[in-house]
Amino acid sequence: MRFRSLPALAPVLGAVLLLTGCSGTGPDHRVLRAGPSVTSASPSPSAPTSARTHVPDGQGFTPVDFGAGEVLETTLHGAASGVTMKVWVWTPPQYDDPAHAHDDFPVLFLYPGGDGATYNNWTDRSYSAQEVVESGARDGSVLPFVFVMPEMQVSRDVDTECTDIPGQPRVGTFLDTDVPAMVQHDFRVLPPGAGWGTAGASSGAYCAAAIALREPGRYAAVAGIAGYFSMETKLPHQDAATLAQYPTALAPTFPGALSWLLVAGTASPEDVREAQRFAGLVRSPSTAQVFLQDGGKHLTTSFKAAMPEVFSFFSEHLSGPRPQ
């Protein structure tokens, strides 16, 4: 995985450029237009606090708070993979609202930057993701998503890039099979398809892309923030089966329909090149759009500033809650 320092401070982002219309026809077919500035959304000062009363029946969960409200934590022993890693789940306030007691909710599988061993920074205030969803879901501009936030590596030194590499822990199967099975069993979420999305930042964008492309029909939308899309690991991985799981290898022949949002800051030319190059690999009926942050860098604060655009994208491309 590609590791970069993610400082806590970054310049305020200015105008944002959005490239749209990518459907695998190549970069010459992208249309450039100006978009609004991106700023982090903050919850209303008068917003009621949200109680978390739901504890799933199957997997044992413990409520924890990383500074952005309560999330549920579990150590999942993957039946299919044999891998054991932590998974965190956050449910929006609507999940515990009696008016939605019989509704299934859209779900987002979220992957962090860095190695993702022992942590997932979607759980805390790094990206303010919960705040954006809570605020937007109150006024109807954002869907009330359930967040599923797994670890990405069994340890810092075992970098499988969310893929099954021969001789290594089967992290790909853990994320492809074990985590979704647990979520469907223990939470009121929509079935795979139109209500499922996945996203990640930096190395997490690679994982989100790879997982979505390995599972045609399971996910409807993917957001990659400052991502890369070719495997980068020091572990041996030159067998043909592993090589075939790269996002750049899978995208041109992907048989399903996925909506892609690829976010990159203009102050990080490498990220811009990666986003535009990958968008050019997407083929119809899938579509891709590249969202450029003017002055954005490969920094946590730039990722955080993109959250309103990310959740607006998912709200446009995924189904909302519906009765069971």
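## What lines the cavity

Let's start inside: the lining of the largest cavity is made up of five nonpolar residues, one polar and one charged. Keep in mind that this is a predicted model. The residues around that space are Leu213, Ala251, Phe254, Trp260, Val282, Arg283 and Ser286.

How much space lies in the largest cavity? About 40 Å³. And how many cavities of 30 Å³ or more does the count give? It comes to one. As for how such gaps are found, rolling a probe the size of a water molecule over the atoms shows where empty space is left.

## Two helices that cross

Two packed helices are described by the angle between their axes and the distance between the axes. Here, take helix α1 (residues 129-139) and helix α8 (residues 307-317): their axes come within 10 Å and cross at roughly 55°. The crossing of α1 past α8 is right-handed.

Which residues make the contact? On the α1 side they are Ala129, Val132 and Val133, and on the α8 side Met307, Pro308 and Phe311. Sorted by type, the contact of α1 with α8 has six nonpolar residues, no polar and no charged ones.

Most residues other than glycine have a negative phi, and most peptide bonds are trans. Now look at two spots in the loops.

Going from Ser284 to Pro285, the peptide bond is cis, with omega near 15°. You'll find Pro285 in the loop between α6 (269-279) and β12 (287-293).

Then there's Thr118, a residue other than glycine with a positive phi, near 80°. Its place is the loop that runs between β7 (107-111) and α1.

Conventions: Residues are numbered from 1 along each chain as its sequence is written. This is a predicted model: local features need pLDDT of at least 70, side-chain atom pairs count only at pLDDT 80 or more; totals for chains, interfaces and linings use all residues. Side-chain values use heavy atoms; hydrogens and water are left out. On a 1 Å grid over the protein atoms alone, a cavity is a set of points where a 1.4 Å probe fits but cannot get out, and a pocket is an open set with protein on both sides within 12 Å along at least five of seven lines; lining residues have an atom within 4 Å of a point. Grid points are joined across faces, edges and corners, and a volume is the space filled by probe spheres set on the points. Ala, Val, Leu, Ile, Met, Phe, Trp, Tyr, Cys and Pro count as nonpolar, Asp, Glu, Lys and Arg as charged, and the others, Gly among them, as polar. Axes are lines fitted to C-alpha atoms, for helices over the stretch in contact, and angles run from 0 to 180 degrees between N-to-C directions. Helices (H or I, at least four residues) and strands (E, at least two) are DSSP runs, numbered from the N terminus. A crossing is left-handed if the near helix is turned anticlockwise from the far one by less than a right angle, and right-handed if clockwise. Contact means heavy atoms within 4.5 Å.
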